[in-house]
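Subject: Structure handover

Hello,

Please find the structure below. My notes on it follow.

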Amino acid sequence: MPELPEVETIRRQLAPALEGRVLERLEVLDPRWCEPAPPDEVADAVAGRAIESLGRRGKYLILELEDDVHLVMHLRMTGNLLLDDGNRLVFSDVRRFGTGVVLLGSEARDAYFAARLGVEPLGPDFTADALRALARGRRAPVKAFLLTQERIAGVGNIYADEALFRARIHPLRPVGTLRRGQLESLREAIVETLEEGIDARGATIDDFRNADGASGAFQDRFLAYGREGEPCVRCGTPIRKLRAAGRGTYVCERCQRRPRARRPAAR
């Protein structure tokens, strides 16, 4: 699934080509894209409006249109946005899980995201203190915590593994047990990993393509993800694959110490 760096890569590529132009017509070929809204109502709401800016919130792309109209799109697992000839923007999605919704007014837009997304990890509000407040008292494994979009917006499976490796934190460690220094390291690792992913124009594992159809390159820089059996770049221990938060997860269990099993309480 495209994560924050992939979506931000698309935003940066498309913004110069779209901002200031008019969205003349929207054609919805699959009504599932905008359910439960009828495709003709969605198309009528945006047609003929100028594109004031192209934004991003977490993994969502936002076409900010004139008169405070907002077209919000999510690529989901296999979606791609391609600018084919400079005049036609195509939402291509093999598995058809991608979505689009029109929100009328900035209040409706803000409420939509407030119900779905937490702090933006590349924004000024994502501080070590903020991360500590989010983690306090929580027993969930840190990997599950990072994947919860209502806590931190935009981090997915790949970038969670890479950030935890950089921070030397085991993905099964309960997030509420992390010490102050570990949370500071984790915050820095998340930001560093996301920024490197953007610099590499995202990661292409299966379907992701940039707006010009090219693949990303971050997969060539992976330190942990997808490297099962390969030596750790720090200590040489083979990378292991395990399950965390229901997802395939890659870890060096020498650099990222597994949490101790809790002893049963004495009777």
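At what angle do helix 4 and helix 7 pack, and how far apart are their axes? Helix 4 (residues 128-135) packs against helix 7 (residues 180-199) at an angle of about 115 degrees, and their axes are 9 Å apart. Axes here are lines fitted to C-alpha atoms, for helices over the stretch in contact, and angles run from 0 to 180 degrees between N-to-C directions. Helices (H or I, at least four residues) and strands (E, at least two) are DSSP runs, numbered from the N terminus.

Some notes on the source. This is a predicted model, in which local features need pLDDT of at least 70 and side-chain atom pairs count only at pLDDT 80 or more, while totals for chains, interfaces and linings use all residues. Residues are numbered from 1 along each chain as its sequence is written, and side-chain values use heavy atoms, with hydrogens and water left out.

Back to the two helices. A128, D129, L131, R132 and A135 of helix 4 meet R180, L183, E184, L186 and R187 of helix 7, where contact means heavy atoms within 4.5 Å. Five of the residues in this contact are nonpolar, none polar and five charged. For these classes, Ala, Val, Leu, Ile, Met, Phe, Trp, Tyr, Cys and Pro count as nonpolar, Asp, Glu, Lys and Arg as charged, and the others, Gly among them, as polar.

Within helix 4, R132 touches R180 and L183, leaving aside residues up to four places away in sequence. R132 counts as buried because its relative accessibility is 15%; buried means under 20% relative accessible area, exposed over 50%, and partly exposed in between (1.4 Å probe, protein chains only).

Next, the loops. R168 lies in the loop between helix 6 (157-167) and helix 7, and its relative accessibility of 47% makes R168 partly exposed. Phi of R168 is near 60 degrees, a positive value in a residue other than glycine. R96, in the loop between strand 6 and strand 7 (99-104), also has a positive phi near 60 degrees. A cis peptide bond, with omega about 5 degrees, joins E35 and P36; P36 sits in the loop between strand 1 and helix 2 (39-46).

Finally, the lining of the largest pocket. Strand 6 gives the most to this lining, with four residues. By class, the lining has 17 nonpolar, three polar and nine charged residues.

Regards
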